[in-house]
Amino acid sequence: MLIAADKFKGSLTAVQVAERVTAGLRRVVPDLEVAAMPVADGGDGTVDAAVAAGFERREIRVAGPLGDEITAAFAVRGDTAVVEMAEASGLQRLPKGVFAPLTSSTYGSGELLRAALDAGARTIVFGVGGSATTDGGAGMLSALGARFLDADGEPVPPGGGGLSDLASADFSGLDPRLASVALVLASDVDNPLTGPKGAAAVYGPQKGAAPDDVDALDAALGHYAKILEESIGTRAAEYAVAPGAGAAGGIGYGALLLGARFRPGIEVMLDVLGFASALEGATLVITGEGSLDEQTLHGKAPAGVAAAARAEGKEVVAVCGRLALPPQALGHAGIRRAYPLTAVEPDVVKCIADAGPILERVAENIARDFLV
């Protein structure tokens with residue numbers, strides 16, 4: 001059995017999901033051989049998944065989304081680094097109940113990238129998602145040496161709101177090591193930077209942006225792209241409409257400006273984690289995440305795991321907290337059957353609070369259905 005599941009957000013980490021599923025399976029088949037490979041799609045949990053696969057965890061002090069100093073982690077193995085922007089600039093880094101859609105910055109994410117360069121990385125997988133920010137990656141670029149100035153030649157304020165004051169941009173001070181590094185933008189979304197499907201319109205409300213804030217942020221990001229086009233050329237305009245530019249509050253745009261190559265996050269992570277070799281010995285693959293829904297089918301971890309496993313003729317089942325997909329949609333995604341916690345415990349509140357023990361019971365059912 002190969003367990004390749006993502007986290008149950010708010011309840012269990014991907015590592016904990018694998019542990020609980022393993023415990024449940026072995027209650028039914030005590031000597032069952034189980035391999036665990038926690039996965040992530042580029043969002044929060046990506047560094048933890050890399051560490052579980054053998055990468056070394058490194059911690060440094062960086063700026064959080066509000067500028068306060070925090071401890072954030074990245075992962076290194078050989079000359080490959082995995083950097084997760086949510087570690088520095090994610091929603092979980094904000095005080096509980098506090099949102100700062102106009103002023104939160106990705107500066108700390110740039111500091112993480114710089115630390116990966118300091119560690120000797122030649123390939124950097126940059127996982128983006130779960131951000132507290134909508135600054136188009138300006139903070140990240142500033143940490144790497146770019147300058148964003150207002151009409152008086154002063155640095156613009158941090159955050160997406162400050163970009164409305166942008167008058168000029170200078171990329172001449174960018175860290176020269178970036179030119180010789182393979183930077184991979186790993187994301188599960190392909191939104192452009194601006195417009196009705198852009199970073200502010202689609203994801204701003206999740207970060208506390210009111211309708212007027214969304215309009216202001218979208219206009220500021222559009223102005224930002226226009227000034228960058230004047231400063232560094234037409235590629236700035238081309239990247240603004242490229243897939244992934246709007247990822248994580250537009251940090252995808254900043255990464256593309258650095259020469260990053262956009263790839264679906266789960267595909268990148270499966271390559272980095274060595275999923276293909278782990279899959280060879282598996283007779284059944286168990287994947288999953290907190291909610292199996294329509295979003296799952298568009299680049300989330302379970303869909304990526306199922307596609308890779310199906311390509312090798314492996315059977316796949318899924319565990320989840322909540323199931324909102326019909327059997328036909330699951331089948332098209334390569335998932336034979338899904339096992340939600342709510343099938344064991346209908347009370348959603350209890351499922352969230354007691355996710356671990358309930359997941360073990362779900363795993364027992366999988367063992368009885370497929371192994372006995």
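**Ground rules.** I'm working from a predicted model, where local features need pLDDT of at least 70, side-chain atom pairs count only at pLDDT 80 or more, and totals for chains, interfaces and linings use all residues. Numbering runs from 1 along each chain as its sequence is written, and side-chain values use heavy atoms, with hydrogens and water left out.

**Aromatics.** I searched the whole structure and got three aromatic pairs (Phe, Tyr and Trp rings, the six-membered one for Trp, with centres within 6.5 Å; planes under 30 degrees apart are stacked, over 60 edge-to-face, the rest tilted). I looked up Y224 and Y253, which pair edge-to-face at 5.7 Å centre to centre, with 75 degrees between the planes. This pair links distant parts of the chain, 29 residues apart: Y224 sits in helix α7 (residues 211-232) and Y253 in helix α9 (residues 247-257). Helices here are DSSP runs of H or I, at least four residues, numbered from the N terminus.

Are they buried or exposed? Y224 is buried at 0% relative accessible area, and Y253 is buried at 0% too (buried is under 20%, exposed over 50%, partly exposed in between, with a 1.4 Å probe and protein chains only). I also noted that F148, F171, Y224 and Y253 form one aromatic cluster.

**T106.** I found T106 in the loop between α3 (85-89) and α4 (107-118). T106 counts as buried, at 0% relative accessibility. Setting aside neighbours within four places in sequence, its contacts include M85, S89, T133, D135 and I251 (heavy atoms within 4.5 Å). I also checked T106 against G136: they are 30 residues apart along the chain, with 8.6 Å between their C-alpha atoms.

Notes: Helix = DSSP H or I, 4+ residues; strand = E, 2+ residues; numbered from the N terminus.
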